[in-house]
Amino acid sequence: MSVAASWYLTLAAVLFTIGAIGLLIRRNVLVMFMCVELMLNAANLTFVTFARRLNDIAGQTAVFFVLVVAAAEVVVGLGIIVSIYRRRPGATADDIHEMKG
Amino acid sequence: MTHTLAATIPDAITFVIAGAICVLGAFGVVLARNPVHSALMLVMTLFGVAVLFVEENAQFLAAVQVIVYAGAIVVLFLFVIMLLGVDQREAIQRDPLPAQRPVAIVVGLLGLTEVLLLARGQWPTGAKSVSGAIGSPADNVGLLGRSIFTTYLLAFEVTSALLVLAVVGAVVLARRPRRVVGDNGSPQGASSEPDDNVDGPTASEPDGAEAGTDDGGQGDGEPAGGLADSEVTGP
């Protein structure tokens with residue numbers, strides 16, 4: 001018998017909180033992206049935990065799709081970041097406030 | 001509590017070690033000054049999560065976690081960090097929202113407290129095995145594949161379309177438009193525009209290329225001259 005599911009859910013909540021706080025307090029766009037990955041991993045851990053607790057394979061299937069979406073998101077997001085840095089090197093998240101018109 | 005007591009000692013030790021690795025890596029991602037260190041700490045967290053996946057009878061997802069996340073996504077992060085320059089510290093002399101950081105920490109901790117209080121309660125769901133049981137560790141890949149290719153086949157197909165769109169979007173985003181380079185390249189030699197730093201790398205690349213060709217031309221000229229001299233002095 002493995003460790004109780006509530007411990008895994010607690011750990012996932014802690015990871016999600018660290019990722020969310022990091023997303024809010026960091027200014028570097030790349031580090032903010034990494035914090036988003038942390039939050040996605042916390043959600044994945046929750047999915048797998050409930051898959052085990054409820055004895056349902058659908059939780060693991062959801063994690064599979066989350067992985068694919070995370071990969072696509074990182075590819076497009078890093079493309080956007082590269083194109084932003086090409087126009088203005090050293091830009092932080094606060095400098096990118098002109099997305100209008 | 002009975003479940004906790006029923007957990008075997010190796011399982012508990014594995015959970016504690018992997019959970020500590022995850023939390024330390026997560027703090028490292030947030031607190032590291034250097035983005036490269038953040039990426040490496042992210043790898044640490046991903047490995048910890050993979051260990052927890054194995055512990056929770058999700059062997060295929062643990063392998064995919066290591067291969068896709070640590071092998072592809074973090075390498076992509078590192079490529080972009082190295083491409084854009086490592087030493088871009090966060091210089092925040094002018095902080096537009098000074099109260100954002102303490103408020104973010106307080107709100108995050110409040111959310112964590114709320115989730116932990118909820119985790120102590122009763123679980124409202126009692127559903128079991130809607131789309132198949134997890135099965136033994138040997139059956140994990142087969143059951144997951146059967147679930148993906150039967151129950152969630154439409155989502156799988158949409159996923160493939162999403163991947164194609166992401167690839168096309170990345171290519172379109174990362175493509176350097178030739179028109180902009182041609183427009184900004186010509187006035188830069190005549191007068192220094194205020195936004196010359198927009199394409200500083202593109203302006204330096206042709207210079208380097210020209211210098212390289214000049215050097216190559218001189219290099220080609222000198223051996224030719226030497227050969228001519230030798231041919232002259234030879235006879």
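Analyst: The discussion below concerns a predicted model.

User: Let us begin with chain B. How many helices and strands does the secondary structure of chain B come to?

Analyst: Chain B comes to 9 helices and 0 strands. Along the sequence its pattern reads α-α-α-α-α-α-α-α-α.

User: What share of the residues of chain B count as buried?

Analyst: Of its 235 residues, 17% count as buried.

User: And among contacts in chain B between residues at least 6 apart in sequence, what share join residues at least 24 apart?

Analyst: That share is 44%.

User: Now the two chains together. How many residues of chain A are in contact with chain B?

Analyst: On the chain A side there are 67 residues, and they are in contact with 76 residues of chain B. The elements giving two or more residues to the chain A side are α1, α2 and α3 of chain A. The most come from α3(A), which gives 23 residues.

User: What classes of residue make up the side of chain A that touches chain B?

Analyst: That side has 43 nonpolar, 17 polar and 7 charged residues.

User: Which residues have the most contacts inside the largest nonpolar core?

Analyst: The core has 64 residues, and those with the most contacts inside it are Ala12(A), Leu15(A), Leu30(A), Met34(A) and Leu45(A). Two or more residues each are given by α1 (5-25), α2 (29-54) and α3 (58-87) of chain A, together with α2 (9-31), α3 (35-55), α4 (59-84) and α7 (153-174) of chain B. The most comes from α2(A), with 14 residues.

User: Take Leu45(A) from that list. What does Leu45(A) touch, not counting residues up to four places away in sequence?

Analyst: With those residues left out, Leu45(A) touches Tyr8(A), Leu11(A), Ala12(A) and Leu15(A) in chain A, and Val49(B) and Leu52(B) in chain B.

User: Let us stay with α2(A). Is α2(A) mostly covered or mostly uncovered?

Analyst: Mostly covered: 20 of the 26 residues of α2(A) are buried. From its first C-alpha to its last, α2(A) reaches 38 Å, close to the 38 Å expected at 1.5 Å a residue.

User: What follows α2(A)?

Analyst: Asn55(A) follows α2(A), and the phi of Asn55(A) is positive, near 55 degrees. Asn55(A) lies in the loop between α2 and α3 of chain A. This is a positive value in a residue other than glycine.

User: Where in chain B is Asn57(B) found?

Analyst: Asn57(B) is in the loop between α3 and α4 of chain B. Asn57(B) has a positive phi of about 65 degrees, although it is not a glycine.

User: Why does Asn57(B) count as buried, and why does Asn55(A) count as partly exposed?

Analyst: Asn57(B) is buried because 20 other C-beta atoms lie within 10 Å, and a residue is buried at 20 or more. Asn55(A) has 17 other C-beta atoms within 10 Å and is therefore partly exposed.

User: Turning to helix pairs, at what angle do α2(A) and α3(A) pack?

Analyst: The angle is about 175 degrees, and the axes are 9 Å apart. That makes α2(A) and α3(A) roughly antiparallel. Among the residues of this contact are Leu30(A), Phe33(A) and Phe47(A) of α2(A), and Val63(A), Val66(A) and Ile81(A) of α3(A). By class the contact divides into 15 nonpolar, 4 polar and 1 charged.

User: And at what angle do α3(B) and α4(B) pack?

Analyst: They pack at about 175 degrees, with their axes 8 Å apart. Therefore α3(B) and α4(B) are roughly antiparallel to each other. The residues that meet include Leu42(B), Leu46(B) and Phe53(B) in α3(B), and Tyr69(B), Phe77(B) and Leu78(B) in α4(B). This contact has 20 nonpolar, 2 polar and no charged residues.

User: One last pair, across the chains. How do the axes of α2(A) and α4(B) cross?

Analyst: They cross at roughly 175 degrees and come within 12 Å. The two helices are therefore roughly antiparallel to each other. The contact is made by Leu30(A), Met34(A), Glu37(A) and Val48(A) of α2(A) with Leu61(B), Ile73(B), Phe77(B), Val80(B) and Ile81(B) of α4(B).

User: How do the residues of the contact of α2(A) with α4(B) divide?

Analyst: They divide into 8 nonpolar, no polar and 1 charged.

Note on methods
Residues numbered from 1 in each chain as written. Chains lettered and ligands numbered in written order. Predicted model: local features only at pLDDT ≥ 70, side-chain atom pairs only at ≥ 80, totals over all residues. Core = buried A, V, L, I, M, F, W, Y, C linked by C-beta atoms within 7 Å. Buried ≥ 20, exposed ≤ 12 C-beta atoms within 10 Å, placed from the backbone. Helix = DSSP H or I, 4+ residues; strand = E, 2+ residues; numbered from the N terminus. Contact = placed C-beta atoms within 7 Å. Nonpolar A, V, L, I, M, F, W, Y, C, P; charged D, E, K, R; others polar. Axes fitted to C-alpha atoms, helices over the stretch in contact; angles between N-to-C directions. Parallel < 35°, antiparallel > 145°, perpendicular 65-115°, else oblique. Expected span 1.5 Å × (residues − 1).
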